[in-house]
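Open the model in a viewer and keep the selection panel at hand. The stops below go from a sheet to a pair of helices and then to a single side chain.

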Amino acid sequence: MRTDNKWVFGSCIAALGVLFSLPCFLFIAGCSGGGGVSEEPFNESLLGGDTTVIDATSQAFRFPAPNLSDMGLQKHMEGDNTFETVFIARSGSIRSGLGPIYGNDSCARCHINNGRGEPDEKLTSLVFRISIPGQSEIGGPNPVPGFGIQLQDKAILGTSEEASVLIEYEEIEGQYADGTNYTLRKPTYTVTSSYILFPDDSLLSPRIASFVFGIGLLEAIPEETILSLADPDDTNVDGISGRPNLVWSFENQEIALGRIGWKAGVPSAFEQAARAFNEDMGVTNPLLSHESSFGQTQFNGLDDDPELNFETLDTVVFYVQTLAVPARRNVDDPQVKRGQELFSETKCSSCHIPVLETGRHPTRNEPVLSNQVILPYTDLLLHDMGEGLADG
């Protein structure tokens, strides 16, 4: 199960990320069920089907799906409260459980207004997945001894953070075919001030927090639809060789199809949320009951009940699953229509599948996410993006 950055999740946002990876809900129309063309016309601005909301403000990612039931809306709002909660280290509080080492203290601090984070040097919403060559016992990235699978740059009072990261930039100048000049900034990341020696052969993969709407819709795309789009050996000789990422499910203790995360490294929203609480905030939960610092000198020695109960975790999962998808704008703009044509002509749509149809959601009985024609612009597969985007 190769998970380095050379293989990238098949969506428009596939370069960096953490916590949740979602489709690039953009433009185009006309397919149904596994990407097949539908003769039924539909409103191509409704990117999330019936979960779509029309809003173009800075709050566009914060709405509940408009097709939620009254009970569903109540649960959604409860999850919203926890998503916004700032966790603290002090015990005995409903907000307790932070640390001992962590990356941030709230879901919302990384996912600003449920949108994408900023890759600032304070690592507010930028984290680093780390590993050493080889594979772990469950077939994924091999944890770095003494550090684990994610670098923790913050710690509670009296505890040492794992390390800091120095970010430096190299400017690369080039020229487009029409003679227009451009300048790119290539970042270089260096681990500094580590609490113990950071192995020289360690691999770093930077992940910026992505927007969190649309996760429930991705979960509801039938597995057979995703697998039907895979062609790892390019047997049809179209130059496209996407492959599924088969990953370990901690919840079900078996190999499962990955579809969440920047590299489709997690099989469900429930597991992604549980990992986020545990790895990003140091908050234990029913799925991951050991501290992320377990086995390290920062470990507080407590191996007690989960700091986040199942009911609270489940409301957060439901919240992100049932966020509304913002509608596409400028559908009839001639320039946009021409861009749409070029997108198809240049075969971008071969990986970024414009339209798919969800089936019945695997865990939610409410019909809000089921049987929706959506425009996700992803095939939920991994693609070899070349050495320029590889991180080893």
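This is a predicted model. Begin with the open sheet, which has 3 strands in the order 7-6-11 and antiparallel pairing. Its edges are strand 7 (141-142) and strand 11 (203-208), each of which pairs on one side only. In general, strands of a sheet pair through backbone hydrogen bonds, in a parallel or an antiparallel way.

Next select residues 126-135, which form strand 6, together with strand 7: the two run antiparallel and are joined by 2 bridges.

Now move to helix 5 (residues 269-281) and helix 6 (residues 310-321). Their axes lie 9 Å apart, and the helices pack at an angle of about 115°. The crossing of helix 5 and helix 6 is right-handed. To display the contact, show A269, F270, A273, A274 and F277 from helix 5, then F310, L313, V316, V317 and Q321 from helix 6. Sorted by class, the residues in this contact are 9 nonpolar, 1 polar and none charged.

The last stop is H76, in helix 1 (residues 70-84). Is H76 buried or exposed? Its relative accessible area is 1%, and since buried means under 20%, H76 counts as buried. To see what surrounds H76, leave aside its neighbours within four places in sequence and select its contacts: F63, P64, L68, F318, Y319, T322 and L323.

Methods:
Residues are numbered from 1 along each chain as its sequence is written. This is a predicted model: local features need pLDDT of at least 70, side-chain atom pairs count only at pLDDT 80 or more; totals for chains, interfaces and linings use all residues. Side-chain values use heavy atoms; hydrogens and water are left out. Axes are lines fitted to C-alpha atoms, for helices over the stretch in contact, and angles run from 0 to 180 degrees between N-to-C directions. Helices (H or I, at least four residues) and strands (E, at least two) are DSSP runs, numbered from the N terminus. A crossing is left-handed if the near helix is turned anticlockwise from the far one by less than a right angle, and right-handed if clockwise. Contact means heavy atoms within 4.5 Å. Ala, Val, Leu, Ile, Met, Phe, Trp, Tyr, Cys and Pro count as nonpolar, Asp, Glu, Lys and Arg as charged, and the others, Gly among them, as polar. Buried means under 20% relative accessible area, exposed over 50%, partly exposed in between (1.4 Å probe, protein chains only). Two strands pair if DSSP finds at least two bridges between them.
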